[in-house]
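Dear colleague,

I am passing a structure on to you, with notes on what I found in it. Please look through it with the notes beside you.

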Amino acid sequence: MTDIQTTETPIAPAGQTAKRTRGEFYRRQSRFPLMLIAPAVIIILVVVAYPMIYSLYLSFTPYNLLRPEKTLVFSVDTMFRNYGKLLGDRIFWRSVGNTVIFLAVTVNLSYFIALGLSQLMALVSRGQGIMRTLLMIPMMFAPVLVGFQFAWFFNATVGLVNNALIALHVIQSPKPWLIDVPSGMISIMIATIWMNIPMLTIILLAGTLSLPREVFEAAEMDGAHAWQKFRHITMPLLRPFTLIALTVLSLDIARAYDIVRIMTGGGPAHRTEMIWTYAGRLATRDSQYGLASAMSMVGVVLGVVFTLYLFRQLIKSRVVY
Amino acid sequence: MTEAMLKPRRRWNRRKTQKWLIDIAVVIVLLIFALPAIWIVFTAFRPGNEINVTPPVWIPKKLTLDAFGALFGLNPGYSSGVPVMEYLRNSSFTALLSTSVALAVGTMAGYAFSRFDFRLHLTVFLGIMLSRAVPGVALGLPLFLVMRRYGLVDTTVGLALVYTAVNIPFTVWLMDGFFRQIPKELDESAYIDGCGYWTAFWRIDLPLALPGVAAAGIFAFLAAWNEYQIASLITKTPKSKTFPVGLYDFTSQFTVDWRGMTAMSVLMIVPAIIFVILIQRRLTEGLTFGALKG
């Protein structure tokens, strides 16, 4: 971040010295920026950091909401008992596996579909407005709505998908999409990808439309094919936009909880269980807050590592371009 | 000679047809893509005897507003019994309050990150961003315990406070990008003319960044309006329940009132429709600002 501030100075007639004085000029008044960021930092510390630290503490205790006095005890001997319990829990490992598969598949597929769609939309000459509006329709739907909507479509008895497939004679009898393996997981992925695509496509489309035309014309003169142009010009130039799209996606990825919670609730028999649904159920139904907190911590670490990785890439690409 | 004149013309025609074909193909792809959403909206306007019947009725025969009447208790003899007005009040209050506070706080912080170099600049920025990466369940569970201690569970003020914190990171990120687009020379000439830092921010940079503030505000509003995970953990009664949680009122053990649910869904997407129409073009700018210019 520090580099960017100094490297992008556009005037710089005096070279290095101009840059350095400029940096000092901004650094001198150090109270003002701190005043500006203080409210944001305080709110986040109170509303996010404090509960999360409390949660970390709870994860070292056998806290149970039904017996709070007896269970909210911390002792060094037993502090890792919840984590040990999780390590030996087959459902936990299943939920971790499901979450990783789910994230990997939905993030990648959402990205590639959005990339294809954005390239297709960039070719369109008329009616950009109508197409963008059509594209943005899923964005208007809350994740809960998306969940209910697809739960209805994939419903075994009254679902649209079964009705359509039976009417078209593709299948003879209704299929319980949300109950079978692996169609339950696939249904949830379809709903999530449907929800992710508009935002990604819009960002990638904006990126594609902003690319300099001269580069493509030069490549055409040299006889490059459409694929070569895409692979060697569009893709590298789209990199910053790709990272922005993935960062936005990663910031919102846990929204997928709403969809899983509503479509299957993690069931049946933990077939579509994810870290979030399992932790939520342990706390709200079984009142095992200690164990659920330990599990949340695993989810937080996964989320933070993923986001940190993307942000590092994003900051790197900002310096390069 | 006639051939020579015809040839380029035919070629031009073929290119034109090709363009038309691409346009039509893209519209069809997007229509299929939007179909699930269109289906939900149509269901809200269909009479009850067309929904979930075998064999299915694919094309609506007539459209009615009955479902909305039932939702607001206007139909004599039948009412859904769902406290829609309370949900509307709670959703609007939490979304508006959290959006305004997050905008004020986030814009200031975004300005600081875009303009000033201070100690731990990157660390604080990343810290704010990472707070957004905490999954809703992981945050909601301890928040419930903490808020219960301060009597904030099942209050709209408590929920608005949580949404403010949740909305700050994205607002900071967007505003950082927007302020980076405004040349620093403007501030510097203001300082030379004797403006203080605060005046330069308030009189010069903020007015220029207003489109960005609007875009960030819309994202924040919709995020709060649509939030479900945390609301489902800390709201319990119509006193503070919002639309996303209220959707569950249409489900019972074995059946779901799809007609009522789709009607409420249509109410829920009204603000989103208004915003998308308003900012359709500008939406991308906010997100991609700063992609090419650091």
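For the helix packing below, axes are lines fitted to C-alpha atoms, for helices over the stretch in contact, and angles run from 0 to 180 degrees between N-to-C directions. Helices (H or I, at least four residues) and strands (E, at least two) are DSSP runs, numbered from the N terminus. The model is a predicted one, in which local features need pLDDT of at least 70 and side-chain atom pairs count only at pLDDT 80 or more, while totals for chains, interfaces and linings use all residues. Residues are numbered from 1 along each chain as its sequence is written, and chains are lettered from A and ligands numbered from 1 in the order in which they are written.

Within chain A, helix α10 (residues 183-210) packs against helix α13 (residues 256-263) at an angle of about 140°, their axes being 10 Å apart. That angle makes α10(A) oblique to α13(A) (angles under 35 degrees count as roughly parallel, over 145 as roughly antiparallel, 65 to 115 as roughly perpendicular and the rest as oblique). The crossing of α10(A) past α13(A) is right-handed, where a crossing is left-handed if the near helix is turned anticlockwise from the far one by less than a right angle, and right-handed if clockwise. On the α10(A) side A:Ser187, A:Ile188, A:Ala191 and A:Thr192 take part, and they meet A:Ala256, A:Ile259, A:Val260 and A:Met263 of α13(A). By class this contact has six nonpolar, two polar and no charged residues (Ala, Val, Leu, Ile, Met, Phe, Trp, Tyr, Cys and Pro count as nonpolar, Asp, Glu, Lys and Arg as charged, and the others, Gly among them, as polar).

Turning to the two chains, 73 residues of chain B are in contact with 87 residues of chain A, two residues being in contact if their C-beta atoms, placed from the backbone, lie within 7 Å. On the side of chain B that touches chain A, α1(B) gives the largest share, eleven residues, and by class that side has 55 nonpolar, 13 polar and five charged residues.

One helix pair that spans the chains is α3 (residues 31-58) of chain A with α3(B), whose axes come within 8 Å and cross at roughly 135°, which makes α3(A) oblique to α3(B). Here the crossing is left-handed, and the contact is made by residues including A:Pro33, A:Leu36 and A:Ile37 of α3(A) and B:Val105, B:Gly106 and B:Met108 of α3(B).

Some local points remain. Helix α14 (residues 275-284) of chain A is mostly covered, with eight of its ten residues buried, A:Trp276 and A:Tyr278 among them (a residue is buried if 20 or more other C-beta atoms lie within 10 Å of its own, exposed if 12 or fewer, and partly exposed in between, with C-beta atoms placed from the backbone). Most residues other than glycine have a negative phi, and most peptide bonds are trans. The peptide bond from A:Val181 to A:Pro182 is cis, with omega near 0°, and A:Pro182 lies in the loop between α9 (160-167) and α10 of chain A. A:Ser287, in the loop between α14 and α15 (289-320) of chain A, has a positive phi near 60° and counts as partly exposed, with 17 C-beta neighbours inside 10 Å. In chain B, B:Asp154 has a positive phi of about 65° and is placed in the loop between α5 and α6.

With best wishes
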